[in-house]
Amino acid sequence: MLIELKGVEKIYKVGEVEVPALQGIDLKIEANEYLAIMGPSGSGKSTLMNILGCLDTPTKGSYIFAGQEVANLTDDDLAQIRNRRIGFVFQTFNLLPRATALHNVELPLVYSGAPALERQKKAAQALESVGLGDRLNHRPNELSGGQRQRVALARALVNKPSIILADEPTGNLDSKTGTEIMEIFRRLHQEGNTIVLVTHEEYIAQCSQRKLRLLDGRVQDDTSLEGKG
Amino acid sequence: MNWRELWEGIRMATGSLRMHKVRALLTILGVIIGVMTVVTIISLIQGLNRAVSQQVAGLGANIFYLQKYPWFGGREWFEYRNRKNLTIEDAQAIARLCPSVKRVASVMGSGKVIKYKDRSTERVGIRATTPSYQEVRNTTVERGRFFTQTELNHRRPVCIIGQTIVKGLFKDEDPLGSHIRIGGRKFLVIGIQEKKGSMFGDDMDAVAIIPITTFRKLFGTHRSITILVEVKPALFEHAKDEVTSLMRRRRHIPPDKANDFAINTQDTIMNVYKNLTRILFLVMIGVSSISLLVGGIGIMNIMLVSVTERTREIGIRKAIGAERKDILLQFLIEALILSGIGGIIGLGLGGGIGKLISTMTPLKAAIPLWSIFLALGFSTLVGLIFGIWPAAKAAKLNPITALRYQ
């Protein structure tokens, strides 16, 4: 079991008012699953994503990531988990604008303390694997949206994470480029990666093995799709 | 932490500074001015030190001056005035009885006008002394000779004159063998003193040296003499002690009373000078710490701006695994680079000003190595102190909020 959530609740305090974002989520994710989290805005999918990604901790309940209770970890422990075990892909790419593609991809390796040569080699390999072997020294503003998202993917992959978390990865892309990105996700899944993606588009969710529907911070529906994976 | 993270920090910091060159420059202006002030003033003081020590060295390292008045005595002058005069007999006793003393020379003097034919000088220093003065004060006669012990014993009216007197009174004539009038009395010129230059702005060549006995005969005995005591090598303190106890005995000072004479040395002057430069140093520290403070606040301000501008970047870095210390380090390095560059520029400007002063004035301003470290150390410290808060603020940012920041 890679991930196990039991009764996870997340309550945000806005002034005096408590806003429940998640109200008791139970969820298990196995290694090499391909899961799509769906739901209308406000359903709590981003909050769930943040908790899964160790960017945030639950207010209540237990989150066990690779056998570790996340609630017991310090900020820096969480940073290390994010660094070594989780790869993020965001809707808005979130690349460092002034850094080259290569340097952007190198960054997780910087924080895991890899030596420079190894870093460059791994980063270049990761960029090649997403088809950007000829764009190593381009900056994000010299790349198209699809290329930027592929740089982000390479960055997510470079530390060989246990899980890739993608938040609306195609949300800022046209459908053709989106399809290309989804193709990479499919391939990554086939290569044995665990993927969780948040989306509100049905056709994107169709690419996954399992669909999790959220509504008002609760799991409404959890279906495995036949014939996938 | 490792070198890679450090390097990454430096890389990011320089990148971000390159983006905002003008802003960075304006930010570090305070640091530049602060460091520049420090370096300039240190180099000035250094030049002054050199000049003063050179001049003071002219007094002689192995010599002390036994006198009625202390140099820079000031306030108690009235009390000093009632002291017993020092006499030639005192000098002779010191030479005879103090084993650590190599030689003594008695000197008394006053200002007198010197005349030759129809020409005359201003009042110049008449130095009445003994033949040992030559060795004690390292005075060489360029032409002619110094007066002898016999001439001293017989109170002969002979003199050795300095270059300024030669120039002032004798045009093309040879002064040797001429008779000049010192204070109205006739003297035979037997020697010309080698050029001495000036000390503390005093022309050391506007002098006439005559036998002390002659001076007493012609101009009176009722004044105290200065006894120049030359000490045997490395026995300075010994000699001072010996002379002090001898003089106390000779002047019958009871044990519970203070000395009623003064032993003046090079150090006496150096101490006064050091007090002066200490004040200068304090002023400098005041001025430069204010500008460093202003500079530091500037850096803090710009670092806060930088943190805000790069909130999203901080979020990204945290999301992909940067720990607090990584972010802290990155922004701290940026602040340190800012202030360090300020320090270097200030150092350069201060050094340039020092150089300019040395070429344009006789003051040989110099930048000692330690002042370079001081300047860079101070500016780095400013960066550290004023950079830590913005950096800590950045490090504490919540990754989710930071990522959402537009």
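On one side you have B:Val31, B:Val35, B:Val38, B:Val39 and B:Ile42 from helix 3 of chain B, and they meet B:Ser371, B:Leu374, B:Ala375, B:Phe378, B:Ser379 and B:Val382 from helix 14 of chain B. Keep in mind that this is a predicted model.

So how do those two helices sit? Two packed helices get described by the angle between their axes and the distance between the axes. Here helix 3, residues 29–57, and helix 14, residues 369–395, of chain B pack at about 160°, and their axes are 10 Å apart. That angle makes helix 3 of chain B roughly antiparallel to helix 14 of chain B, since anything over 145 degrees counts that way. As for handedness, helix 3 of chain B passes helix 14 of chain B in a right-handed crossing.

One residue to look at while you have chain B up is B:Thr226, in strand 11 of chain B, residues 226–231. Is B:Thr226 buried or exposed? B:Thr226 counts as buried, because there are 20 C-beta neighbours inside 10 Å, and 20 is where the cut-off for buried starts. Leaving out residues up to four places away in sequence, B:Thr226 touches B:Tyr65, B:Gln67, B:Val107 and B:Met108. Then there's B:Lys68: 158 residues from B:Thr226 in sequence, but the two are 7.6 Å apart in space, C-alpha to C-alpha.

Now, where the chains meet. How many residues of chain A are in contact with chain B? There are 21 from chain A, in contact with 18 from chain B. On the chain A side, helix 2 (75–85) and helix 3 (101–112) each supply at least two residues. Helix 2 of chain A gives the largest share of that side, 6 residues.

On to the sheets in chain A. There's an open sheet of 6 strands, order 6-7-8-3-9-10, with mixed pairing. Strand 6 and strand 10 (218–224) of chain A are at the edges with a single partner strand each, so each has one side without a neighbour in the sheet. The twist averages 15° from one strand to the next.

Let's walk in from strand 6. Strand 6 of chain A runs parallel to strand 7 (residues 163–167), joined by 4 bridges, and A:Gly87 has A:Ile164 as its bridge partner there. Strand 7 of chain A then runs parallel to strand 8 (residues 194–198), with 5 bridges, and A:Ile164 is partnered with A:Ile195.

What about the faces? In a regular strand the side chains alternate between the two faces of the sheet. In strand 6 of chain A, residues 86–89, both faces are covered: A:Ile86 and A:Phe88 on one side, A:Gly87 and A:Val89 on the other, all buried. Helix 5 of chain A, residues 145–157, lies across strand 6 and strand 7, at about 170° to strand 6.

Last, the other sheet in chain A: 4 strands, open, order 2-1-4-5, antiparallel pairing. Strand 2 (17–29) and strand 5 (68–69) of chain A are the edges, each with a single partner strand, so one side of each lacks a neighbour in the sheet. Strand 4 (residues 60–65) and strand 5 of chain A pair over 2 bridges, with A:Phe65 opposite A:Gln68.

Terms used. Residues numbered from 1 in each chain as written. Chains lettered and ligands numbered in written order. Predicted model: local features only at pLDDT ≥ 70, side-chain atom pairs only at ≥ 80, totals over all residues. Buried ≥ 20, exposed ≤ 12 C-beta atoms within 10 Å, placed from the backbone. Pairing = 2+ DSSP bridges. Axes fitted to C-alpha atoms, helices over the stretch in contact; angles between N-to-C directions. Parallel < 35°, antiparallel > 145°, perpendicular 65-115°, else oblique. Left-handed = near helix turned anticlockwise from the far one by under 90°. Contact = placed C-beta atoms within 7 Å.
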